[in-house]
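Please open the structure in your viewer and get ready to select a few side chains. We will visit some aromatic rings together.

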Amino acid sequence: MVAVINTGQSIRGIFFYNENKVSQGCAVCIGEGNYPMDLEKMSENFKIGVFLKQLQLNENIKRSAVHISLNFDRSDTDLSKEKLMQIASSYMEKIGFGSQPYLVYQHHDAGHPHIHIASINVRADGSRINMHNIGRNQSESARKELEISFNLIRADSRKKQSPALINAIDAEKIKYGAMDSKRAISSVLNAVIPNYKYTTLGELNAVLNLYNVKAERGKENSKMFQNKGLVYQILDGNKKTVGVPIKASSFYSKPTLSQLEINFAASKTSRAVNMKRTRNAVDLLLLKYPSITLSQLETRLANQGITAVARKNENGLIYGMTYIDHNTRCVFNGSSLGPAYAAKGLLERIGGSSEFGKQSAVLDRTAKSQGSFISAAEVQRIIDDVLYAGTPSDYVPKQLKNKRKKRKRKGPSDNN
């Protein structure tokens with residue numbers, strides 16, 4: 001069994017994500033914990049109302065929503081609704097949520113059995129449940145105990161788990177028209193924005209695009225761009241925008257540009273410790289497979305939980321790379337990892353220098369035909385500079401900055 005715990009600012013988003021699955025026939029609400037009446041008698045408004053009423057007891061807690069998924073091995077076939085509820089109840093008790101209100105949903109939209117649990121970390125007396133290291137400590141201990149007591153396949157017995165199972169996030173690709181656009185986008189935003197670390201809108205979009213969502217500021221000379229506006233829109237199978245753009249401020253979680261900029265600043269330092277893992281993953285594959293192609297590299301990185309996204313222009317020419325590590329939930333523009341991981345450096349390292357040379361020649365001819373004297377290499381450098389998110393050393397905490405000492409002004413008494 002693998003347990004994944006996510007926290008967020010919006011219990012509404014988590015609740016409606018699961019309820020939408022129910023309405024689509026992809027999930028069933030199989031039980032509840034600490035609700036005042038039976039599940040069959042509760043309306044949708046009553047279910048969410050219990051959460052919201054208890055959250056009012058302490059409105060100072062920002063990340064009060066809790067979303068847990070318990071994922072079981074495909075070989076665990078003896079999982080009735082009654083047994084799943086027993087597992088969920090025992091798990092919640094062991095991690096300190098035994099007295100919290102919670103709802104349990106059984107999902108049928110993946111290749112492995114799994115349940116989702118929606119809850120909050122505000123107690124009935126208004127105090128907060130400490131979530132620090134809960135995944136590493138309480139949850140890991142509970143997982144091992146439950147595997148024994150319920151005779152489940154042990155996660156530790158599998159040398160290689162599916163990245164989709166270990167790194168399950170509560171989102172899936174949106175199909176335009178399949179459900180309400182705002183609810184669909186909201187589900188993706190609630191799964192991605194609070195849980196991934198990104199330092200630019202481009203890096204955030206690299207993750208959102210995986211689920212057919214795009215954040216857009218508009219053209220630079222537009223009023224929306226100048227006023228720091230932001231909209232979200234659904235993408236079709238060809239990654240073209242479809243449907244009506246929805247303002248960021250209209251979502252309950254308020255994923256506006258000003259809020260994202262706070263995330264940008266925080267992620268700039270917090271993701272630094274995880275850069276080495278992504279670099280090492282690329283380096284080891286290139287060392288092990290000297291003649292590997294870009295497509296093969298992307299596949300092998302995906303097996304390690306890293307999505308490599310090659311950014312291409314309208315002519316299909318690669319001009320940038322982005323790496324999404326789903327294990328550490330970090331997103332890196334290639335140039336932020338170093339020149340060797342940007343598009344040009346990577347293509348040259350994988351033996352694709354001739355391929356990159358062809359691309360450069362095409363770009364050079366295009367530039368000359370348009371009367372431009374900027375070479376393809378210079379274009380690549382400019383693109384990398386614009387997308388460069390900086391390194392941890394760029395950030396200096398306020399407390400460590402050297403303060404300029406003010407020169408003491410001589411008064412009349414000093415001259416005497």
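Here is a short tour of ring pairs and of charges over rings.

This is a predicted model, where local features need pLDDT of at least 70, side-chain atom pairs count only at pLDDT 80 or more, and totals for chains, interfaces and linings use all residues. Residues are numbered from 1 along each chain as its sequence is written, and side-chain values use heavy atoms, leaving out hydrogens and water.

How many aromatic pairs does the structure hold? There are 4. Rings of Phe, Tyr and Trp (its six-membered ring) pair if their centres lie within 6.5 Å; planes under 30 degrees apart count as stacked, over 60 as edge-to-face and the rest as tilted.

**Stop one.** Select Tyr 198 and Phe 264, an edge-to-face pair with 5.9 Å centre to centre and 80 degrees between the planes. Tyr 198 is in the loop between helix H6 (181-192) and helix H7 (201-208), while Phe 264 belongs to helix H9 (residues 257-270), so the pair ties together parts 66 residues apart in sequence. Helices (H or I, at least four residues) and strands (E, at least two) are DSSP runs, numbered from the N terminus. Tyr 198 is buried, at a relative accessible area of 0%; buried means under 20%, exposed over 50%, partly exposed in between (1.4 Å probe, protein chains only). Phe 264 is buried too, at 12%.

**Stop two.** Now select Tyr 232 and Phe 251: their ring centres are 5.8 Å apart and their planes at 85 degrees, so this pair is edge-to-face. Tyr 232 lies in strand S7 (residues 231-235).

**Stop three.** Finally, select Arg 300, which lies over the face of Tyr 289, 4.0 Å from the ring centre. A charge sits over a ring if NZ of Lys or CZ of Arg is within 6 Å of the ring centre and within 35 degrees of the ring normal.
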